[in-house]
Amino acid sequence: MASTRLRLATLFAVAAIAAGACSSQPSPAGSTGTAGGSAGAAGGSAGAGGASAGTGGDCTAGAAKAGANLQIPDVVAGKFNVAMVLIGPHDDGGWSQAHYEGLQYLCSHLADSHVAYVELVPEGADSEQVFRSLARKGFNFIIGTSFGYMDPMETVAKDFPDTTFLHLTGYKSNGKNFGNFFGAVEDFKYLAGQLAGSRAKKDGIPKIGYMATFPIPEELRLGNGIARGVAVTCPECKIDVRFINTWHDPQKERDGAASLFDAGADVVFTGADTPAVADVAAEKGKWAVTYDHPSSCSKDSCLTAPYWIWGPEYVRIAQQVKDKKYTAGYEYFDADSKAMGLYGFMEGQTPQKGITDLPAADVQNVKDTLAKMLAGQFGRFDVFAGPLKDNTGKVLLEAGQKLKQSDLDQFPPGAPGSECKTCMYWWNENITVPLPKLS
């Protein structure tokens, strides 16, 4: 597995740190929406280069200077100190903003807590230094929110056994103070795929685009989830893929989306962090599916957005850590956790303009499947249930068979002790591009 893991180059300079203390009283600026509505904005934003965070509540006190003058915030004595490390800016309208709002929710709902965040931290060696510095400062609970933070966090956790580390989107854990955490957003990509397929079929343009970030198991899993959904409503649809090799770069995201639209796609999905794909779709009179945060789907060109609701999950885990009851392991929640949503289809939301003229049966099937997901009656293993065939014609699963968790998370052969059989290194049969090469 080590030979296939992506080694990511430094993409950003560390831009700003914000730190704050909070009480057990909820802060209106720091709340994240539930499954019944979209996530609320977390007040003002801290821009790159040390601008004031300015949320207007007790949960954020200010920001530090960027670059070489970066100042790791102090902990507050007598408080439960939580730090979060973000790959992008906390107000990106996507992945990092969803986590930031989850941190604000934690601050507002966990008694005697104090929070800090560091944004625009590159994966790799730079992130290791940030995690190490936060641990040295005395933070009790440190959260890393990007795949490429996994190995650095694992290394630092060995040196700070009294600090709890939580990593998102990877697969490693030491069973002691370094745990792993993620959710089955492939459920919601599958539903969005059904909507995209229905849209493309109605438009008479049976081609979908998927703008992926890096060639890692997560991105192949989500692309395959989309493809499985597309096949439900548009069996004749084909799916094109572009890897842009960045999580957050609005211009590269625009260029990747434009490439897919220019190659004939009617709907383009993004795996990256900004709403750029919807902007390009609007310019070209096409459709987009954004990701991570409800605000990413504000344009009429956006059909929907699978999004995250991290706050309650962060509070749940942080409370366990604070009470010394947390078991560091591998935790992967499904749709019934209510920690994810499909924009336009959750309680109190209205479907986007591009959904309103789709066949009623297609839309109703999405609603019915979503209801089953939220009730725990349909999940990630159902999304990938057999019969399952890859785009070379190989049968991966016969009818009635299902993948295992290790199959969803890893390239072959998998981690020692958690080997995979049908590993996530395949494209669904309706995807037209070859698999990415692994380094």
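Reader: How do the residues of the lining of the largest cavity divide into nonpolar, polar and charged?

Author: In this predicted model, the lining of the largest cavity is made up of five nonpolar, four polar and four charged residues.

Reader: Which elements each supply at least two residues of the lining of the second largest cavity?

Author: They are α5 (217-233) and β14 (330-333), with α5 giving the largest share, three residues. This cavity holds about 60 Å³ of space, and its lining, which includes F147, T169, E218, R221, Y330 and D409, divides into six nonpolar, two polar and three charged residues.

Reader: Why is N174 described as partly exposed?

Author: N174 is called partly exposed because its relative accessible area is 30%, a value that falls between the limits of 20% for buried and 50% for exposed. N174 sits in the loop between β6 (164-168) and β7 (178-183), where its side chain reaches the backbone nitrogen of K176 at 2.8 Å and makes a polar contact with the side chain of N177, also at 2.8 Å. Beyond four places in sequence, N174 is in contact with A157 and A328, and its C-alpha lies 9.5 Å from that of Y330, a residue 156 positions away in sequence.

Reader: Where does pLDDT stay under 50?

Author: Residues 61-66 form one such stretch, although the mean for the protein chain is 86 and 84% of its residues reach 70 or more. Residues 1-57 also have pLDDT below 50.

Note on methods. Residues numbered from 1 in each chain as written. Predicted model: local features only at pLDDT ≥ 70, side-chain atom pairs only at ≥ 80, totals over all residues. Heavy atoms only, no water. pLDDT = per-residue confidence, 0-100. Contact = heavy atoms within 4.5 Å. Helix = DSSP H or I, 4+ residues; strand = E, 2+ residues; numbered from the N terminus. Buried < 20%, exposed > 50% of the residue type's maximum accessible area, 1.4 Å probe, protein only. Polar contact = N/O pair within 3.5 Å; in protein donor to acceptor, adjacent residues only side chain to side chain. Nonpolar A, V, L, I, M, F, W, Y, C, P; charged D, E, K, R; others polar. 1 Å grid on protein atoms, 1.4 Å probe; cavity = no way out; pocket = protein on both sides within 12 Å on 5 of 7 lines; lining within 4 Å. Points joined across faces, edges and corners; volume = space filled by probe spheres on them.
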